[in-house]
Amino acid sequence: MKSQTRIFSCLVDDFLKTDALTFPASENIRLVISRMAEKNANCVLATDEEGRLTGIFTEKDVTRRVALRCDGTETIEQLMTSRVYSAKQGDYLYHTIARMRRLGHRHMPVVDESNRPLGLLDLQDAMAVAAANVVEHIDALTQVPELYGLQEVKAVQAVVAQELLEDNLPAPEIQALLTHVNNDIHSRVVEKVVSTIEKAGGGAPPVRFAVIVMGSGGRGENFINPDQDNGIILEDYPVERHNEINDYFIQFSELLTWNLEAIGFPLCDGNVMATNPLWRKSISEWKLQTLRWFQKRSTFQVQLSDVFFDFDTACGDLSLGSELRSHITTFVQREPAVLQAMFQTENDRHVALGLFGILRTEKVEEGLPQAINIKHGGILPLVGAVRLLALKEGIEATSTYERIRLLHQAEVFSDDEVDDYTAALEHLTFILLRQQLRDFRRIRKATRYVRKSAMSRREKQVLKMSLKAVRSLKERVRTDFTGEIL
């Protein structure tokens, strides 16, 4: 089955046609039309002497030439459309589709950072990725980039997730959609913050940087309304520039977290946010910090690294995130004591299943019936166990599903184990996502708890099987790290 959410993770670059006809704007129109007919092309891109895009000449312009009775000696520049809307190759595909639909354009030039044309995006080709009902979702998720527009995007996100769940789309794919939209919001907020600081006289960012997200966002497994678990990686800079750069990114971080909170991302209770200097460092400082965390070996320090190890770059300079990810993977391989410390933390997570297969419930809050903590009693123990094994094998992927796949490829997991752990995570995710969407419809805060009465008899049976698989995985990890067999 073709994923209905694939379009939300695709970039313009994935559908770029690089064989577009490109001519200098001074080229003779007769030659250009001849080449268009020869190549069966619908349009031509026009460039200046530096190779930058200056216009587009389309079939409509050919018709206009006939109407104006041009004699064929004219240049492209005299007849082309000079107000050109373009996209960058790294733009999200669904954003560009929405823009083309609103403008009524069948084609859109794609340019690099210097505005030099790279090719064309064809609306029909791009739309072929999307199921018909997803087109409405695209329009809803591409509101204006102002604060109120992004608030609307955040609200629509849950509505779209509900519709896709009702259409029986697998919960992991819905999580991927939620994560991609959230990362897109982060990117648009960062652009807004940079622009705000610049307009206020603070100048452009003084160094390259990357905004990272951690936890479920870093794994690509967001639920509804995740907290702000974010940070910033800065490129290394001379020590004499510290005050200048630090002042800029203090202001940047405050505006970033304020805007995200206003849009609908709650502040992190644990203060895992860019406003905290602990989560805003140069890349060399990040590397040093990971070492210090494990030199101290305190439970708190290990928990911090546990949060951090699932980071991913939401926006900014991707190379900084890649460099830090490679460092962490190599560091863990060099320091086996790191994994031992992490194992002790993960070993303390309890699965919500009693010895006799009874589902464990716990108190939620005063006046409410007890419920199963699906997140802490099922999802996180599974995620943490898979993370440990992936780090042990030097796997850089952060997605739990991708880690399971790569562990299977590395012959760490058998075929049956892959099926058991994947199915367990999918069911746990489905149960919790459905509950959170119910909470959203009832205007309640999204929870990590699910009552037994909210599940069918069959769902409870599958839940028990899923939790047994998680418990089995934890026992497998215990054996790998301690040699103990229970």
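Is Val-110 buried or exposed, and what is its relative accessible area? Val-110 is buried, with a relative accessible area of 0%; buried denotes under 20% relative accessible area, exposed over 50%, and partly exposed the range in between, with a 1.4 Å probe and protein chains only. The model is a predicted one, in which local features need pLDDT of at least 70 and side-chain atom pairs count only at pLDDT 80 or more, while totals for chains, interfaces and linings use all residues. Residues are numbered from 1 along each chain as its sequence is written, and side-chain values use heavy atoms, with hydrogens and water left out.

## Surroundings of Val-110

Val-110 belongs to strand 6 (residues 107–111). Helices (H or I, at least four residues) and strands (E, at least two) are DSSP runs numbered from the N terminus. The C-alpha atom of Val-110 is separated by 5.4 Å from that of Lys-88, although the two residues are 22 residues apart along the chain. Contacts, meaning heavy atoms within 4.5 Å, join Val-110 to residues including Val-12, Leu-16, Ala-87, Lys-88 and Gln-89, and also Arg-116, Pro-117 and Leu-118, when residues up to four places away in sequence are not counted.

## Nonpolar cores

A nonpolar core is a set of buried Ala, Val, Leu, Ile, Met, Phe, Trp, Tyr and Cys residues joined through side-chain atoms within 4.5 Å. The largest such core has 127 residues, and Phe-252 and Phe-308 touch the most other members. Helix 9 (residues 171–199) gives the most to this core, with 11 residues. A second, separate core comprises 12 residues, among them Phe-23, Ala-25, Ala-46 and Phe-57. In soluble globular proteins, nonpolar side chains tend to be buried together.

Phe-252 has a relative accessibility of 0% and counts as buried. Leaving aside residues up to four places away in sequence, Phe-252 touches Val-190, Val-193, Val-194, Ile-197, Phe-209, Val-211 and Ile-232.

## Aromatic pairs

Rings of Phe, Tyr and Trp (its six-membered ring) pair if their centres lie within 6.5 Å; planes under 30 degrees apart count as stacked, over 60 as edge-to-face and the rest as tilted. By this rule the count comes to 13 aromatic pairs. The rings of Tyr-92 and Tyr-94 have centres 5.9 Å apart and planes at 50°, so this pair is tilted. Tyr-248 and Phe-252 form a stacked pair, because their ring centres are 6.4 Å apart and their planes lie at 25°. Both Tyr-248 and Phe-252 lie in helix 11 (residues 242–263), four residues apart, about one turn of the helix. Ring pairs also link Trp-279, Trp-286, Phe-308, Phe-309 and Phe-311 into a cluster.

| Residue | Relative accessible area |
|---|---|
| Tyr-92 | 16% |
| Tyr-94 | 0% |
| Tyr-248 | 6% |
| Cys-43 | 4% |
| Cys-315 | 7% |

## Cysteines

How many disulfides does the structure hold? It holds zero disulfides, a disulfide being a pair of cysteine sulfur atoms within 2.5 Å. Cys-315 is in no disulfide, and its nearest cysteine sulfur, that of Cys-268, is 18 Å away.

Ile-29, Val-32 and Met-36 are buried in helix 2 (residues 29–39). Seen down the helix axis, the buried residues of helix 2 fall within an arc of 60°, so they line one face of the helix; the arc is that of the directions from the helix axis to the C-beta atoms. An α-helix has 3.6 residues a turn, so residues three or four places apart point the same way. The face of helix 2 turned away from its buried side carries the exposed residues Ala-37 and Glu-38.

Asn-28 caps the N-terminal end of helix 2, with a side-chain oxygen 2.8 Å from the backbone nitrogen of Arg-30. Just after helix 2, Asn-40 takes a positive phi of about 55°, although Asn-40 is not a glycine. Most residues other than glycine have a negative phi. Asn-40 is found in the loop between helix 2 and strand 3 (43–47), and counts as exposed at 68% relative accessibility.

Glu-411 likewise has a positive phi, of about 65°, although it is not a glycine. Glu-411 is placed in the loop between helix 17 (400–409) and helix 18 (415–441), where it counts as exposed at 72% relative accessibility.

Key
A polar contact is a pair of N or O atoms within 3.5 Å; within protein, one must be able to donate a hydrogen and the other to accept it, and residues adjacent in sequence count only if both atoms are side-chain atoms.
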